[in-house]
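Subject: Structure for you to look at

Hello,

Here is the structure I said I would pass on. Please open it first and then read my notes below.

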Amino acid sequence: AQILSENAQWFEDHSPVALEYKKTEVKGVSAKVINVAILGGDCYPATPIGINLPNAEWIREKHGSKSVTIENITQAYFLDSMKNGMLEEFAGSVEEIERAKKYGYLAGNLHTDLHECLGHGSGKVRDGVNTEALKNYYSTIEETRADLFALYYIMDEKLIELGLVPEIDAAKAEFDAYLRNGLITQLTRIEAGKDIEESHMRNRQLICNWAFEKGKELNVIEFFEAGGKTFVRINDYQSLRKLFGQLLKEVQRIKLEGDFDAAQQLVEDYGVKVNRKLHDEVLERFKKLDL
């Protein structure tokens with residue numbers, strides 16, 4: 001986290017977003033890794049794994065922001081995911097499982113650090129634009145923006161140069177996990193017949209569905225069946241990264257211009273509706289794990 005914050009200007013300068021939305025001088029970006037002993041208030045009973053404050057855009061731009069990653073929570077999530085049968089049930093290949101076990105914890109923490117420390121702290125808003133411009137879509141768009149920043153950069157050679165990842169397979173593990181979650185496993189948290197309401201879940205499905213649709217011609221991502229079960233497979237990781245960059249550019253524009261109509265269309269088209277047939281299948285598979 002500290003290395004990322006020290007290099008925040010490089011990441012801002014090399015972002016795929018339009019030049020007019022980049023900060024010319026990144027200020028006050030700091031990040032820490034902490035362990036928690038007790039949780040309360042908005043952090044209970046479902047704790048965040050990372051926090052970035054403040055929410056006020058003008059404070060971010062003028063003074064900066066501070067982030068924390070909660071190490072013992074991310075570790076607990078990862079250890080549980082390696083033992084509860086979810087990975088073996090929903091991963092699409094042996095290689096995907098092996099990558100998850102080898103790099104999943106490192107890649108997941110890096111995603112969180114990039115999301116909180118740099119993603120939320122990136123960009124500058126046009127004069128006169130505030131968080132009210134996007135109304136009820138603001139939270140989803142902001143989380144989409146931060147996730148895309150993390151996804152785009154986690155496969156950048158800069159992370160290897162900084163010593164944060166040993167090889168590009170670590171990034172592949174995060175892409176695998178993100179698509180598997182955004183398109184399939186997060187459906188286990190939604191009641192049958194319901195659509196997605198929570199902002200973070202909407203943002204994950206939005207990103208994955210958008211990338212799936214835009215990458216169809218090149219078959220970047222595909223759903224496939226094996227043994228009567230549905231899985232997702234990434235066929236071209238570098239093309240997927242480019243798609244993440246394209247969407248980041250547009251989402252940054254939407255947020256920083258306060259383009260409500262574009263925000264509404266993006267969220268409603270890709271982030272809300274659930275494939276009923278797939279949802280029923282996922283719920284049935286999840287039920288058999290008895291978690």
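K135 counts as exposed, since its relative accessibility is 57% and the cut-off for that word is over 50%. This is a predicted model, so please read every value here as computed from it. K135 sits in the loop that runs between α6 (94–119) and α7 (138–154). Its phi is positive, about 50°, although K135 is not a glycine.

N219 also has a positive phi without being a glycine, in this case about 55°. You will find N219 in the loop between α10 (199–214) and β4 (221–226). With a relative accessible area of 36%, N219 is partly exposed.

Two peptide bonds in the chain deserve a look. The bond from Y44 to P45 is cis, with omega near 5°, and P45 belongs to the loop between β1 (29–34) and β2 (50–53). L53 and P54 are likewise joined by a cis peptide bond, with omega about 5°. P54 is in the loop between β2 and α3 (57–63).

Next, helix α9. It covers residues 169–183, which makes 15 residues, and spans 21 Å from its first C-alpha to its last, close to the 21 Å expected at 1.5 Å a residue. In α9 as a whole, 11 of the 15 residues are buried, so the helix is largely enclosed by the rest of the structure. Among the buried ones are F175, Y178 and L179.

What does R180 touch, leaving aside residues up to four places away in sequence? The list is L87, F90, A91, E96, T185 and V232. R180 and R233 are 53 residues apart along the chain, yet their C-alpha atoms are separated by 8.4 Å.

Finally, the whole chain. The protein chain has 13 helices and five strands. Its radius of gyration is 18 Å, close to the 19 Å that the globule rule gives for 291 residues, so the chain is as compact as a globular protein of that length. The C-alpha atoms fill a box of roughly 55 × 40 × 40 Å along the principal axes. Of the 291 residues, 51% count as buried. Among contacts with a separation of 6 or more, 76% are between residues 24 or more positions apart. The accessible surface is about 14,200 Å², and carbon and sulfur atoms account for 49% of it.

Regards

Definitions and conventions
Residues are numbered from 1 along each chain as its sequence is written. This is a predicted model: local features need pLDDT of at least 70, side-chain atom pairs count only at pLDDT 80 or more; totals for chains, interfaces and linings use all residues. Side-chain values use heavy atoms; hydrogens and water are left out. Helices (H or I, at least four residues) and strands (E, at least two) are DSSP runs, numbered from the N terminus. The radius of gyration is taken over C-alpha atoms; the globule rule is 2.2 Å times the number of residues to the power 0.38. Buried means under 20% relative accessible area, exposed over 50%, partly exposed in between (1.4 Å probe, protein chains only). Contact means heavy atoms within 4.5 Å. Accessible areas come from the Shrake-Rupley method with a 1.4 Å probe; for residues, only the protein chains shown count as cover. The expected span of a helix is 1.5 Å times one less than its number of residues.
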